[in-house]
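Here is a protein chain to look at with some care, starting from its overall layout and then turning to a single residue.

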Amino acid sequence: GELRPDGPGMISLRNDLVRMAARSRKVVAIITSDEHSYSRTLITPETPAGDPARDDRDGDGMLDSAPLSVIPGLSRPIWVIISGGGGAPNYAEERSPWNEWWKAHPEMCPTKDGCYRFSMLYHWLLFDAEENAIGLEVYTDRGDLIDRVEDLAAVGR
């Protein structure tokens, strides 16, 4: 008669993935999908990303309102890039602790390219990997530039 989560939720899994990625200096970004939109978010040891163990104070399986915790044990910044704008109906931007934080604190971003971007347009990604840099450009299905990052790896230096 009582609803209970069946295993870890999306936030816990995302936090685990970000922590695992941060263990290797060779990893600068996680690219994922299934959300029908584009977003690029920098998760740093200071970003309030939410920790279900500490931030689900009422036990309902959802993060409570701010202030939220940082990801415990995160050693360095990692980009989380969501690319899911390839043809299905797109999702509008939803508020989250991490995107709201970057919108409110752009001066805390260690890169001139910004630490959060969102688009609900159909899109595709183009990476330019060089010896010491990884560039990213994001284009609409019509070829218009949505986002550009000169070097994703720069935040880890």
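The questions and answers below concern this predicted model.

Q: Which pattern does the chain follow when read along the sequence?
A: The chain has three helices and seven strands. Read along the sequence, these elements follow the pattern α-β-β-α-β-α-β-β-β-β.

Q: What radius of gyration does the chain have, and what would a compact globule have?
A: The C-alpha trace spans about 50 × 35 × 30 Å along its principal axes. For 157 residues a compact globule would have a radius of gyration near 15 Å, and the chain agrees with this, having 16 Å.

Q: Is His123 buried or exposed?
A: His123 is found in strand β5, which covers residues 123-129. Because buried means under 20% relative accessible area, and His123 has 8% relative accessibility, this residue counts as buried.

Q: Which residue has a side chain that is joined to the side chain of His123 by a polar contact?
A: Leaving aside residues up to four places away in sequence, His123 touches a set of residues that includes Ser37, Tyr38, Ser83, Tyr139 and Ile146. The side chain of His123 also reaches a backbone oxygen, that of Leu121, at 3.0 Å. The side-chain partner in a polar contact of 3.0 Å is Ser83.

Q: How many Å apart are the mean positions of the positive and negative charges of the chain?
A: The chain carries 17 positive and 26 negative charges.

Key: Residues numbered from 1 in each chain as written. Predicted model: local features only at pLDDT ≥ 70, side-chain atom pairs only at ≥ 80, totals over all residues. Heavy atoms only, no water. Helix = DSSP H or I, 4+ residues; strand = E, 2+ residues; numbered from the N terminus. Buried < 20%, exposed > 50% of the residue type's maximum accessible area, 1.4 Å probe, protein only. Polar contact = N/O pair within 3.5 Å; in protein donor to acceptor, adjacent residues only side chain to side chain. Contact = heavy atoms within 4.5 Å. Rg over C-alpha atoms; globule rule 2.2 N^0.38 Å. Lys, Arg positive; Asp, Glu negative; His and termini not counted. Charge placed at Lys NZ, Arg CZ, Asp CG, Glu CD.
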